[in-house]
Amino acid sequence: MQNKIKMMQPFLSNKSQFFYISTRFISGTLLFMKIYNYLLKTIQTKGAAYLILLDPDKLTNPKIAPFIRHCEKSGVDGFLIGGSLMMSGDLDSFIEHVKIETSLPLIIFPGSINQISPLADAILFLSVISGRNSEHLIGKHVTASPLIKRAKIEPISTGYILIESGVTTTAVYMSGSLPVPRNKPEIAAATALAGEYLGMKFIYLEAGSGAQESVSDEMVKAVSEECTIPIIVGGGIRNPQIARRKVDNGASIIVTGNFFEDENNWDMIKNFASAIHNKLPIEV
C-alpha cells in the first residue's frame, strides 16, 4: 500500500489534474473533479475506497431514493452502475434517477457497448486481460471508444481479471473466457503486472456476481505486491470482515453488489464502510 500512496502523490499534488470532467452543484458551488483522481485521493485519505454496484435490472425505481440516501449516510464513496445483462433497465433513466439523489460519482461498469450514457461521470474502460477472447481484449473497445468520446465521460482504463469463484458467473459466461484458477495467485499477479505495463490505471479482480467464494486473500496480496497501481476487488464479499481482509492484503477499492439487493442487509453498509476505511476511526 505504501508504494501505491507514493505513486499517487504526483497526481494529488498537481491541482490541474483534478479539474476536468464531473460538474456538480453542491451547496451552491460549481465543482469540477476528475473521477480517477477523486478515487486516488479517497484511497490516500481513507486507506481504501468503497463502491457499491447498482444493477438497473435489480434496483427498482421506488427503492432508488431510500437506498442511495442510506449509502451516502453510511459512508459509501461512489457507485458503479451496470450489469452483464440489461433485460429491462433503461440505463439513462436509471442514472438520471440516481443522480437526483446523490452528489457521489456515478461510474459505468459496462457489460456491453450498449451501456454508455452521457449522464454518468465516468466509465471503467474494461479489458478482460485474464482471457484470450480478442473481442473483450480490444475488439469491443474500438466500437465503444467513439461513443464514449461523444458522451464526454471520463474513461478509466481497467485490467479486468476474472477469478474462479465456485460457480460459472455471468461475467465468465458472457465473456467466453476461462477464469484464473483461485489457487494460482502467481497467474493473477503476472497478468495484473502485464496490465500495469500496458498502461492500465486499475486492476479489477472479479469473482463475479453471486460468487460462492470471494477472491482469496492470498491472491489479493500476491497481485498487490507485484503491482504499483490500485487493485479493485469485487464478488462474493458478504460481510465487513471479508472486506477488511481484502484491504489488509492490499486492495485499494472494494466493490459490493447483489448482497444489498436484499433490503434486510442495508443496515450493514455502514459496517462495510468502516471496515474498508482503515485509516479512519471506526464509527459506532
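Modeller: Start with a cut-off. Buried means under 20% relative accessible area, exposed means over 50%, and partly exposed lies in between. Keep in mind that this is a predicted model.

Colleague: Why is Arg 69 called partly exposed?

Modeller: Its relative accessible area is 47%. That value falls between 20% and 50%, so Arg 69 counts as partly exposed.

Colleague: What makes Arg 69 and Glu 101 a salt bridge?

Modeller: The test is a side-chain nitrogen of Lys or Arg within 4 Å of a carboxyl oxygen of Asp or Glu. Here the closest N and O atoms are 3.3 Å apart, so the pair passes. Glu 101 sits in helix H4 (residues 91-101) and Arg 69 in helix H3, so the bridge ties together parts 32 residues apart in sequence. Glu 101 is also partly exposed, with a relative accessible area of 25%.

Colleague: How many salt bridges does a search of the whole structure find?

Modeller: It finds 9. Another of them joins Glu 261 and Lys 58, with the closest N and O atoms 4.0 Å apart. Glu 261 lies in the loop between strand E10 (253-256) and helix H10 (269-276), and Lys 58 in the loop between strand E3 (49-54) and helix H3 (61-74), so this pair ties together parts 203 residues apart in sequence. Lys 140 and Glu 135 also meet in a salt bridge, at 4.0 Å. There is a network too, linking Asp 217, Arg 245 and Lys 246.

Colleague: Why is Thr 42 called buried?

Modeller: Its relative accessible area is 5%. The limit is 20%, so Thr 42 is buried. Thr 42 belongs to helix H2.

Colleague: What does the side chain of Thr 42 reach?

Modeller: It reaches the backbone oxygen of Tyr 38, at 2.9 Å. Leaving out residues up to four places away in sequence, Thr 42 touches Gly 47, Ala 48, Ala 49 and Asp 77.

Colleague: How do you know which face of helix H8 is the buried one?

Modeller: First list the buried residues of H8 (residues 217-226): Met 219, Val 220, Val 223 and Ser 224. Seen down the helix axis, they fall within an arc of 130°, so they line one face. The face turned away from that side carries the exposed residues Glu 218 and Glu 225.

Colleague: Why does Ser 224 count as buried?

Modeller: Its relative accessibility is 9%. That is under 20%, so the label holds.

Colleague: What makes a set of residues a nonpolar core, and how many does the largest one have?

Modeller: The members must be buried Ala, Val, Leu, Ile, Met, Phe, Trp, Tyr or Cys residues, joined through side-chain atoms within 4.5 Å. The largest such core has 84 residues; those with the most contacts inside it are Ile 52, Leu 54, Phe 67, Leu 205 and Val 223. Helix H2 (residues 35-46) gives the most to it, with 6 residues. Leu 54 touches residues including Leu 59, Phe 67, Phe 79 and Val 98.

Colleague: What share of the chain counts as buried?

Modeller: Of its 284 residues, 52% do. The chain has 10 helices and 10 strands.

Conventions: Residues numbered from 1 in each chain as written. Predicted model: local features only at pLDDT ≥ 70, side-chain atom pairs only at ≥ 80, totals over all residues. Heavy atoms only, no water. Buried < 20%, exposed > 50% of the residue type's maximum accessible area, 1.4 Å probe, protein only. Helix = DSSP H or I, 4+ residues; strand = E, 2+ residues; numbered from the N terminus. Contact = heavy atoms within 4.5 Å. Polar contact = N/O pair within 3.5 Å; in protein donor to acceptor, adjacent residues only side chain to side chain. Arc of directions from axis to C-beta.
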